[in-house]
Amino acid sequence: MGQISDYLVWGAATAYAIALVCFAIDLGRVSEAIGARKAARTKALAQAEGSGAVSGGAIATALGGESASADEPISYVGRSSKALGIAMAVTTVGFLLHAGAVVTRGFAAGRVPWANMYEFCLVGTFVAVGAFLAIQIFKEIRYLGGFITFVVLLFLVVGMNVFHIQADSVQPALQRYWLVIHVGIAVIATGIFTVAFVVSLLQLLRDSRDNGSPLVTWNWLEVLPNADRLEALSFRINAVGFVLWTFTLISGAIWAEDAWGRAWGWDPKEVWSFIVWVVYAAYLHARTTRGWSGRRAAYFVMIGYATVLFNFTGVNILFSGKHSYGGLN
Amino acid sequence: MSTDDKSTQSTDAKAYRPEGIEDAFLTSDEKPAPKQAVAPSLGWRALARFMWRQLTSMRVALMLLMLLAIAAVPGSLFPQRSQDPAAVEQYLVDNPTLGEWLDRFSFFAVYASPWFAAIYILLFISLVGCILPRIKAHWHDLKSAPPRTPRIFKRFPAQAARTVESGSAQDVAQRAAERLRGPIKFLPLFRTTVGEEQPGVWTVSAERGYLKETGNLIFHVALVGILLSFGAGQLLEYRGQSIVVEGRGFANAQVAYDSFEHGAWFTEDSMSPFTMTLDKFESVFRANDSAAQDFTATVTLTEKNGESRQEDIKVNHPAKQDGAKIYLMGNGHAPTITVRDENGDVTFSGSVPFLAEDDQYTSKGVVKVPDVVSGEQIGLVGYLLPTADFENGGMRSIYPEALNPFLVLDMYEGDLGLDSGIPQNVYRLDTDAMTKVTGTMENPDPLIIGLGQTVDLPNGRGTVEFSEIPRFAAFDLRYDPTLGWLLGSSLAALGGLAISLFTPRRRVWVRATQSGDQVEVALAGLARGDDSGLQGEVDRVAAIFDSHLDLTDQEKLNKKLSRREI
């Protein structure tokens with residue numbers, strides 16, 4: 001069973017890799033189209049100026065056949081292209097394989113499959129892809145696809161190569177329904193923070209481009225919703241993550257009270273979970289503070305997600321504490 | 001500026017906003033200009049007010065939050081006294097200079113340090129200073145009607161307009177208000193006010209989502225509750241550790257514990273008198289790799305009135321007695337050892353807990369025999385091998401259960417140091433004033449005693465017998481009367497947070513203007529914070545005036561697509 005799970009993970013990783021390439025090709029096409037349109041517009045303007053007749057019609061004519069409504073902005077909403085279609089389909093296939101990997105891992109271990117670092121990686125990335133596909137049902141966010149699949153692929157490969165251990169039952173301290181609840185919610189929150197992080201990162205890039213940063217010159221950024229909208233999306237995702245993280249802390253305290261005889265004891269994992277919580281709380285405050293919304297709020301998401309990652313990797317590897325269930329030696 | 005806008009403003013002006021908050025419900029010209037952070041030179045009262053305003057401002061709260069996050073970091077980098085005092089001592093030995101300085105600045109007790117306390121106390125003062133006026137303002141808001149309809153709708157982020165072919169403006173306004181209130185009479189979605197602005201012009205002003213602010217306030221108040229419960233818990237709690245051998249027990253009294261700690265407000269009265277006996281201890285290990293699978297301590301709890309009951313305590317499942325919780329913290333073997341002197345008289349007899357040092361329960365223990373009739377005091381120190389394996393000349397345990405138990409002990413003679421008055425660790429033998437009798441050049445072999453065996457002590461000092469091997473369990477009893485408050489506050493915080501983050505706060509205004517038979521309807525919406533559903537809300541109200549739904553396919557598609565935009 002454990003072996004099957006591992007094969008499925010590699011299958012999912014392969015699918016995500018293919019999807020990543022397709023998403024990238026699609027963004028490339030978008031970039032090209034925007035670039036071509038800009039060039040054409042410049043040319044048309046120059047011609048029109050030359051002839052002394054500046055009119056929309058002239059520009060439209062100059063732009064010619066390929067895109068009839070040239071002034072209409074290229075948008076991802078309703079976009080259909082072969083690369084994007086394949087990318088989404090393959091992502092969905094990868095997600096199903098990923099689901100199979102999670103389920104078989106659970107059967108192999110005879111418990112919920114989130115009790116060590118590898119499994120946390122496995123399920124966290126699963127949640128991230130799931131959140132991406134779920135949001136896509138309601139809102140157009142396919143432009144995130146390439147970044148989500150990249151991050152997920154990265155974590156899966158690292159997980160398989162660095163964190164992977166055999167499926168096994170857990171020690172008595174972990175045999176409690178709180179393992180299902182506390183760790184389960186923590187994994188979901190982490191997956192959701194991952195998606196929000198990607199959105200905030202794109203927000204920063206888009207914002208830099210809008211402000212004419214010489215470093216960020218990718219055309220495809222113009223297809224994305226503007227920075228404000230990305231910020232709003234990131235906030236909505238982060239809000240869900242923050243509530244779940246709050247629940248993670250509370251359920252953790254309840255469990256710790258039962259298992260270790262104290263609700264809160266500043267164990268390294270508790271310290272860093274607290275830091276994560278405080279940083280995201282600061283983020284929520286920053287959003288409503290004059291002068292701190294927008295770009296600056298996005299920096300908080302960057303810091304917040306960095307603390308999430310450190311809480312997962314650094315705390316497990318560098319410190320020893322009561323949360324030493326990572327499975328690494 | 002129109003009079004209507006002023007009336008909107010006057011409602012809001014009563015509402016308290018912390019310094020520096022961004023709020024869509026404040027009109028743009030109403031937003032106070034960013035204050036210069038310069039202290040006015042107007043005497044101490046003005047200065048105090050200025051300081052208070054700063055402390056309760058959003059910017060300072062933000063700064064304190066980030067400071068709190070940063071200040072928490074060193075507690076995970078350096079060993080902490082409260083968790084691992086031995087590691088702190090080791091650190092001080094390894095880094096004498098740096099360690100001393102770190103210690104001076106409380107880096108080994110970060111969460112009890114003055115600077116950490118300073119940050120969170122300031123943060124909570126800031127929080128209280130912010131929410132008290134907000135509670136007052138919200139209370140006022142809850143009692144007052146939605147703000148009056150502004151004259152100009154253009155500046156609002158969500159708008160809609162319809163023309164009703166025939167009807168009266170009043171009727172139209174009433175229908176819109178009804179739609180806004182929703183189908184449930186006693187639980188209206190929007191709070192609405194319908195009024196005649198001027199002859200032939202009727203308006204509806206509506207507001208929903210008062211719960212958003214309520215949830216936000218509950219969350220912040222609950223945070224204060226968490227802090228207070230936690231603090232009270234530290235003051236009122238007591239905690240005792242006891243190691244109990246099967247068949248034995250302890251009473252819940254300060255003297256009965258091996259170690260006992262309590263908070264500053266603890267009184268003996270809070271210790272309810274009960275006794276606990278360990279009837280049986282069972283463990284399950286996996287055969288192939290000795291991985292621990294399960295530990296169960298079966299105990300009998302006897303109350304003061306003599307009533308008793310049996311309960312199982314597991315690692316994750318403490319027993320509860322009179323508000324105290326009894327946790328299973330550790331376990332091991334406690335071989336029953338009897339020492340007899342050269343005359344055959346018993347000088348020591350008892351089950352001695354040996355503390356496990358590895359996964360195979362290779363356990364270390366000490367037997368102190370102070371009451372000798374003649375000669376020097378005797379100390380035995382060494383290991384218990386639960387499943388001994390003597391192959392290849394080695395001595396090791398290969399399984400944690402007592403399948404083939406052997407004691408491997410070294411003997412010391414001399415002064416045990418028990419009469420010095422200095423408290424001694426029962427698990428350590430102080431050999432300063434003792435001489436080693438076994439494990440020496442003349443007598444290299446330790447005493448090796450199998451279960452049921454009796455072995456002679458060297459120097460004709462008598463015998464030592466290993467007769468039984470019961471289990472022992474280490475229990476931790478903790479009493480904290482504030483746990484219920486802590487849980488309640490935490491759940492209130494969680495609930496308040498979720499409500500505050502997921503409830504939309506929206507205002508919708510409708511103006512119906514009679515022009516002949518027709519009624520022109522204009523709608524506007526405003527939300528506090530990001531709200532992607534605002535336009536939808538306005539559209540849904542407007543939709544009740546749609547006489548026909550003959551959108552073209554392209555329009556329908558566009559509408560569908562626009563809904564998919566974030």
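Guide: In this predicted model, Arg478(B) forms a salt bridge with Glu257(A), and their closest N and O atoms are 3.2 Å apart.

Visitor: Why is the pair Arg478(B) and Glu257(A) called a salt bridge?

Guide: The term requires a side-chain nitrogen of Lys or Arg within 4 Å of a carboxyl oxygen of Asp or Glu; the closest N and O atoms of Arg478(B) and Glu257(A) are 3.2 Å apart, and therefore the pair qualifies. Between chain B and chain A the count is 4 salt bridges, alongside 10 residue pairs in polar contact, both residues being at pLDDT 80 or more.

Visitor: Which helix of chain B supplies the largest share of the side that touches chain A?

Guide: That is helix 10 of chain B, with 10 residues, while the elements that each supply at least two residues also include helix 3 (58-72), helix 9 (210-236) and strand 8 (292-302).

Visitor: What makes 54 residues of chain B count as being in contact with chain A?

Guide: Contact means heavy atoms within 4.5 Å, and by that criterion 54 residues of chain B are in contact with 67 residues of chain A. The two chains bury about 5200 Å² between them, 62% of it on carbon and sulfur atoms; in chain B, Asn316(B), Arg564(B) and Ile566(B) lose the most area to chain A, together 17% of what that side buries.

Conventions
Residues numbered from 1 in each chain as written. Chains lettered and ligands numbered in written order. Predicted model: local features only at pLDDT ≥ 70, side-chain atom pairs only at ≥ 80, totals over all residues. Heavy atoms only, no water. Buried area = accessible area lost by both parts, 1.4 Å probe. Polar contact = N/O pair within 3.5 Å; in protein donor to acceptor, adjacent residues only side chain to side chain. Helix = DSSP H or I, 4+ residues; strand = E, 2+ residues; numbered from the N terminus.
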